[in-house]
Amino acid sequence: MAAPNRQDTKKFFENLSGAGKSIGVLTSGGDAQGMNGAVRAVVRMGIYVGAKVYFIHEGYQGMVDGGQNIEEATWESVSSMLQVGGTVIGSARCKEFRTLEGRVRAALNLVQHGITNLCVIGGDGSLTGANLFREEWSSLLETLRTTGQIDDEAVQRNSVLHIVGMVGSIDNDFCGTDMTIGTDSALHRIIEVVDAIGTTAQSHQRTFVLEVMGRHCGYLALVSALACGADWVFFPEMPPEDDWEEELCYKLSGNRADKKRLNIIIVAEGAIDRSNKPISADYIKDLVVRRLGFDTRVTILGHVQRGGTPSAFDRILASRMGVEAVLALLEASATTPACVVSLVGNQSVRLPLMECVQMTQEVQKAMDEKKFDEAVRLRGRSFENNLHTYRLLCSRKSDEDLPTSGFNVAVLNVGAPAAGMNAAVRSAVRVGIAEGHKMFAVNDGFEGFAKGQIKEIKWGDVGGWTGQGGSLLGTKRTLPAKHAEKIAEQIRIHNINAMLVIGGFEAYLGLLELSGAREQFSEFCVPMVMVPATVSNNIPGSDLSIGADTALNAITETCDRIKQSASGTKRRVFIIETMGGYCGYLANVGGLAAGADAVYIYEEPFDIRELQANVEHLTEKMKTSIQRGLVLRNENSNENFTTDFIYQLYSEEGKGVFDCRKNVLGHMQQGGAPSPFDRNFGTKVAAKAMQWITTTLKETYKEGRVFANTDDSACLLGMRRRAMVFRPVAELREETDFVHRIPKEQWWLKLRPLMKILAKYRTSFDVSDSAQLEHVTHVRPKEAAI
C-alpha cells in the first residue's frame, strides 16, 4: 500500500474538491443487498474529498420528517456495513413526499443542513421522485422564502440541487444498466435454493415449480433458469405460445423418459400468457399433476431473495457506483441533468436519469400492447443476450429432426479446474448438437487428447452439469507441443474439424503452440477458439474469466467469517494469502469486496517503508472505534516479503497495540459450486464460441475438407469493457508477460486507488477515466405506416 503522497493528493484535490459542500445519501423503496456498500462508498468518498456527508434515515420519510433522521456521517459510522444485507439507514415508502406540502418540508430540512447534493439509492419510483424534487427545487425555495422560513441568503446559497441516482433493486428492472445493486445477491439466494431442492427432487423423481420475484421484469427468472439448467421458464417479457401447456407436458414427459429424475420449472411472479393473463405456480403444478401424474411441488421463494449478505459482485458494484456518484456530484453544474450511475459490460457509465425512467416505462407499455419482442429489446443488451442463449439451449429437437452439418467438434478443459467450466462444456455441447455438429469430449486436456481419451458426447450426457464445481471432463496443465504428433493422429482418427478449449493460461499457450505448428501438421488447420476459465483471471484479451467470481465469493465469505471471529477480541489484524500466481486480481478485488486495509500485489511493487507505513496506519485506526484490520497478500506479490514475513513484521511492530493472525486460503478458492455469475457467464460465452465455430467451419470448408490456417481462425473469446470480442491468439502475444503469466495491462488496477481511498489512504485517482454522461441508445421505434 503506497504511503501518502502530497503531489498525487494535490493533483486529485485541484480537480475535485468537496470543501464547503454537503451530500445527503438515502435509500428508498424496497431494500437490496449491497445498498450498505453504496452508502459506505458515498460517505467515505465524500469525506475523502472534504465534503460533509449526511445520512437521511428512512428514505424520503426521513427527509420529510427531518430532525434526528438527518445525521452527519463519520468515517467510523460506516465501518462493518459492507457485509450487511438490507440497508442499515432504513428505507420507507413515503406518501407525504408525493404531496407538494411534503416536498416543501423536505426542502426545508435539506436547506437547514446545507445539503444541495443528493445521492438516491433505489428503484425507478424513488429516482423519479428525486428528479421531480430537483425540477421543483427553485419553486420550493421560493415557497419557503415567501412564508418566512428561510431568507434570501439561504435561497442564494442553496439555489441548485444536484441529484445522482444508483439503482438498488433485486429485480434488475431498470433500463440503462446491465446489473442493478442487489440482483447478483438475489440470484445467489435463488440458486442456493435450487441446488438444495435438486437433491431432494432427484431422490423422489419430483417436479418442482419455483416462483421467483421480479415484479414485471423476468431477469431473475431467466438468468436463474440459465444458471440451473431449468426445463422451462415463464417470464412476462416473452410469454409462451398459445399451445404452451401441450409443449410443456411433452418436454417434461420426454425428459422423464430419458431417465432424468428431476424437473425444474421457474416462474416469475409477473409471468403472463399472450392474452396478458397471469400464469401462476399453482396453475402449472395442477396442469402437470392432472396431465402427467408427476409428483409436483411448489416453492415460493419470496423475501428470502432479498435477504442474506451481499455477494462479492454486489459489494464491488456498490463500491464502484458509490465513488462514481460522488464524482458525478462534484462535477455537476447548474445545467447538468439528474443522472444515474450505471454498469454496461464491465464499465461505469452515467446516463440521464429520466431517459432511463422513460425507457423503463416504455417496456411496460410495450408489454401492455403485446409487443413482446420490443419489450425484450427495450430491456437492453444483457437481457437480450440471456434470452438468446436460453433459446439456443432449449432448441432441442428429436434426433430425426436435428440438422446434420457433417462436422465433428472437440471440447476440452486445460489447466487448473475453475468453477463454471462444466456449465461452459454443457452449453457448448448442446449448442453444437442443436447446430448439427457431432460433439466429442476430450478427457484430461491435451494429455488425454494425445492418448485418445476422446468419445462422442450427447445432449443428455451433460444434464445437471451447470451446478457442478471443478471439471467433470478432467483437466491437466500439460501443453500440446511435445505431444503434437499424437494429437494430430487423434484428430485424423476422429476426423475433428474444430476445437473449443476451455481453460486458463495453459489453454492460451496451447492454442499458440497448435496454431504455430500448422505448417508442420496440417491437422491443426482447423478453427480453434479458447474460452478463458481460471480463478486467477490472468488471460490477455479478456477482462474476466470463468471461475474468478466464485473464487472472489470464497475469499469474501472467508474474510467475513475471519473478521467475525474477532468480534469478541479487540484490536486484531488478519493477514490473508490469496491465490492468483503473479496476478493480483483476486487479492485486489477481493480486498475491495471484503473492506481490506491493505493489499499487496506483484503489479504494484512495495518496500519495507510502505509496510511500515501500513502498520502505522493500522495503529492509528485502532485508536478509533474500529478495532479490526484485514490485510490481503497475493501469493507471489514479493519473493522476500512473504506472508510469514509480513505476519511477523505486523506482530512485532503492532506489539502492545494489536495482535495478528494469518490464514492461507489455498485451494478452497478453486472449489465449491460455481456462483450464478460464473454459471451464466460460462453458459453465454461457450454458446457464443460455438456459434463462431459454426460460422468459421462454413467459411473454411472447401473442396470437401476444412482448411483454416489464418491467424483469425485461432481465437480467444473474451469480455473487453462493454462487449464480447474474438481476438486471434497470435495478436495477443504482444500484450502478454509470458514470464509472469499475466497481461501487460490489466483493467482492474484502476480499481486499486478506489480500494485505498475507502481504506482512508491518500492516493492519486485518475478521474479522467471516470464515466462521462451518455445517452440511452435504445429508442422505441415509431409505429409502422399502415
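1. Two strands pair if DSSP finds at least two bridges between them. Strands (E, at least two residues) and helices (H or I, at least four residues) are DSSP runs, numbered from the N terminus. Strand 4 (residues 117–122) and strand 5 (residues 162–167) pair in the parallel sense over six bridges. N117 has H162 of strand 5 as its bridge partner.

2. A word on the basis. This is a predicted model, where local features need pLDDT of at least 70 and side-chain atom pairs count only at pLDDT 80 or more, while totals for chains, interfaces and linings use all residues. Residues are numbered from 1 along each chain as its sequence is written, and side-chain values use heavy atoms, with hydrogens and water left out.

3. Axes here are lines fitted to C-alpha atoms, for helices over the stretch in contact, and angles run from 0 to 180 degrees between N-to-C directions.

4. Rings of Phe, Tyr and Trp (its six-membered ring) pair if their centres lie within 6.5 Å; planes under 30 degrees apart count as stacked, over 60 as edge-to-face and the rest as tilted. The count comes to 21 aromatic pairs. For F133 and W137 the centres are 5.6 Å apart and the planes at 80°, so this pair is edge-to-face. Ring pairs link F133 and W137 with Y60 and F97 into a cluster.

5. Next, the nonpolar cores. Such a core is a set of buried Ala, Val, Leu, Ile, Met, Phe, Trp, Tyr and Cys residues joined through side-chain atoms within 4.5 Å. The largest has 202 residues, of which M63, L118, F133, M166 and L500 touch the most other members. Helix 11 (residues 312–331) gives the most to this core, 13 residues. A second, separate core of 34 residues includes L412, V414, F440 and A488.

6. Not counting residues up to four places away in sequence, M63 touches (heavy atoms within 4.5 Å) F97, L118 and F133, among others.

7. A further open sheet has four strands in the order 7-8-6-9, with parallel pairing. Strand 7 (232–234) and strand 9 (296–300) stand at the edges with a single partner strand each, so one side of each is left without a neighbour in the sheet. Strand 6 (residues 207–212) and strand 8 (residues 263–268) pair over six bridges, and T207 has N263 as its bridge partner. Helix 7 (residues 183–204) packs on the sheet, touching strand 6, strand 8 and strand 9.

8. Last, charges over rings: NZ of Lys or CZ of Arg within 6 Å of the ring centre and within 35 degrees of the ring normal. R256 lies over the face of F294, at 4.2 Å from the ring centre. R762 lies over the face of Y48, at 4.4 Å.

Key
Buried means under 20% relative accessible area, exposed over 50%, partly exposed in between (1.4 Å probe, protein chains only).
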